[in-house]
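Have a look at the picture, then read on.

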Amino acid sequence: MSIKSFAAKVFAAIIDRQTRKWSTQPVATQEKVFKHLIKTARDTAFGKAHSFQDIDSHATFIEKVPVRDYEELRPFVDRVVAGESDILWPGKPLYYAKTSGTTSGAKYIPITKESMPEHVNAARNAILSYIHETGKAAFVDHKMIFLQGSPEMEDKNGVQLGRLSGIVAHYVPGYLQKNRLPSWKTNCIEDWETKVEAIIDETLPENMGIISGIPSWVQMYFERIVQRTGKKVGDVFPEFNLFIYGGVNFEPYRPKFEQLIGRKVDSIELFPASEGFFAYQDKQDVKGMLLLLDAGIFYEFIPADQFFEENAPRLTIGEVEIGVNYVLIISTTAGLWAYNIGDTIAFTSTSPYRVIVTGRIKHYISASGEHVIGKEVEHAMKEAAAIHNIVINEFTVAPQLAPDNDELPYHEWFIEFGEKPKDLEKFKATLDLKMREQNSYYDDLIVGKVLQPLIIKQVVENGFKQYMKTIGKLGGQNKLPRLSNDRKIAEVLERL
């Protein structure tokens with residue numbers, strides 16, 4: 001055992017003790033975070049405008065601070081971006097994480113000196129948690145690759161602006177710098193296809209231990225390795241045994257990954273966003289990610305089926321239930337207050353609190369009242385693909401409300417197969433059955449002949465890659481919506 005791997009195990013044990021301390025006191029931990037946030041921001045412009053001096057409980061917080069999305073918080077954010085101090089949080093931010101909003105154009109999410117360490121510590125602790133649980137630490141002596149955005153920054157009125165993954169690249173610990181790939185120069189390449197080829201050039205000669213990134217883009221990297229070498233990824237990198245991912249559900253991609261790698265590898269799921277690092281997988285054999293209750297974030301949870309109602313309940317950690325779909329609302333040390341990040345989650349455990357990401361509150365299909373969410377289509381696809389022993393590269397779902405020939409409306413599944421089913425009609429029937437098992441509203445609409453069973457449209461090889469390239473979102477941290485309530489994506493795919 002090397003000195004580095006021994007030290008990692010010692011550090012992992014320390015972090016595990018700290019984690020168990022706060023995770024076994026969830027309500028008290030969140031109450032402490034809440035009080036710190038309100039006290040610290042009391043004299044900011046936002047704090048004064050919302051009478052923070054009068055807030056002494058969650059109930060009064062609800063009275064004073066309404067739930068907002070980016071557009072609704074934007075008047076305050078714009079003042080921060082313009083260079084004003086003490087607006088959402090004391091002082092000025094360290095960075096702005098630039099994201100692509102679907103309705104707001106570019107978003108500038110503030111990252112402060114208080115919130116930045118939480119992003120770094122959470123990513124570190126996820127790996128340390130894995131080391132402590134499994135006893136595996138040899139990978140710290142091998143090379144590690146993190147597929148991420150460019151670390152280059154712009155200046156925005158005296159504050160550095162960049163992509164979150166690029167910002168975090170500036171905080172890689174010194175003891176990992178020698179092991180980390182790709183190089184700074186390669187990471188700065190903006191064109192994703194050019195960047196992937198440069199990453200392959202750098203990594204092929206190396207002994208890779210960890211590979212990290214959004215599954216869809218890591219899959220592209222793996223496919224190019226196989227094409228170049230004629231070997232499985234696991235043969236090219238025999239010490240590669242840990243995949244770290246976030247942003248999307250890995251399960252639809254897992255069979256394709258195992259095919260490309262040639263064997264199974266351990267994985268760690270993360271739940272990061274520009275607005276905060278919310279959770280990470282702390283156990284290999286337990287469903288869900290540990291919700292980070294001591295990371296400078298106060299959480300509220302609104303039942304998704306009540307979200308658009310007036311005076312929808314805003315629950316705290318002690319009030320949630322397992323299996324309910326919630327919209328995640330956050331208040332943070334970056335100055336986001338009762339902020340709707342757009343993600344929906346469900347709890348898989350309350351001792352400790354673990355969550356899964358179920359989708360986006362704006363990414364659903366309910367054109368006929370079916371209320372289908374991302375988790376349901378992903379689960380149905382996973383089960384159908386396993387039954388028919390096929391591989392799915394990528395897919396998305398859209399409603400078709402105006403089919404030709406006066407047919408009934410249906411859900412149209414755009415699927416890029418890695419391995420096609422022997423009988424497409426049987427696969428379609430299985431997939432529809434699994435969807436009906438997942439969603440009783442959908443089943444009722446099929447039985448009542450309001451909808452006809454789903455239709456599959458096959459997407460050509462690399463078709464989704466072409467789609468993402470067409471809309472300028474190829475690579476990096478960009479993700480394909482799993483489903484949508486309109487046909488904007490479907491129409492582009494049909495043209496391609």
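Two strands pair if DSSP finds at least two bridges between them. Strands (E, at least two residues) and helices (H or I, at least four) are DSSP runs, numbered from the N terminus. This is a predicted model, where local features need pLDDT of at least 70 and side-chain atom pairs count only at pLDDT 80 or more, while totals for chains, interfaces and linings use all residues. Residues are numbered from 1 along each chain as its sequence is written, and side-chain values use heavy atoms, leaving out hydrogens and water.

Let's start with a sheet. Three strands form an open sheet in the order E18-E19-E20, with mixed pairing. Strand E18 (391–400) and strand E20 (455–458) are at the edges with a single partner strand each, so one side of each has no neighbour in the sheet. From one strand to the next, the twist averages 25 degrees. E18 pairs with strand E19 (residues 410–419) in the antiparallel sense, over nine bridges. There, Gln 400 stands opposite Tyr 410 in E19.

Now for the helices. Helix H13 (residues 254–261) lies across E18 and E19, at about 155 degrees to E18. Helix H17 (residues 463–470) also lies across E18 and E19, running at about 115 degrees to E19. These angles run from 0 to 180 degrees between N-to-C directions, with axes fitted to C-alpha atoms, for helices over the stretch in contact (heavy atoms within 4.5 Å).

Finally, hop over to helix H1 (residues 3–23), where Phe 6 lies. Phe 6 is exposed, with a relative accessible area of 51% (exposed means over 50%, with a 1.4 Å probe and protein chains only).

Key. Buried < 20%, exposed > 50% of the residue type's maximum accessible area, 1.4 Å probe, protein only.
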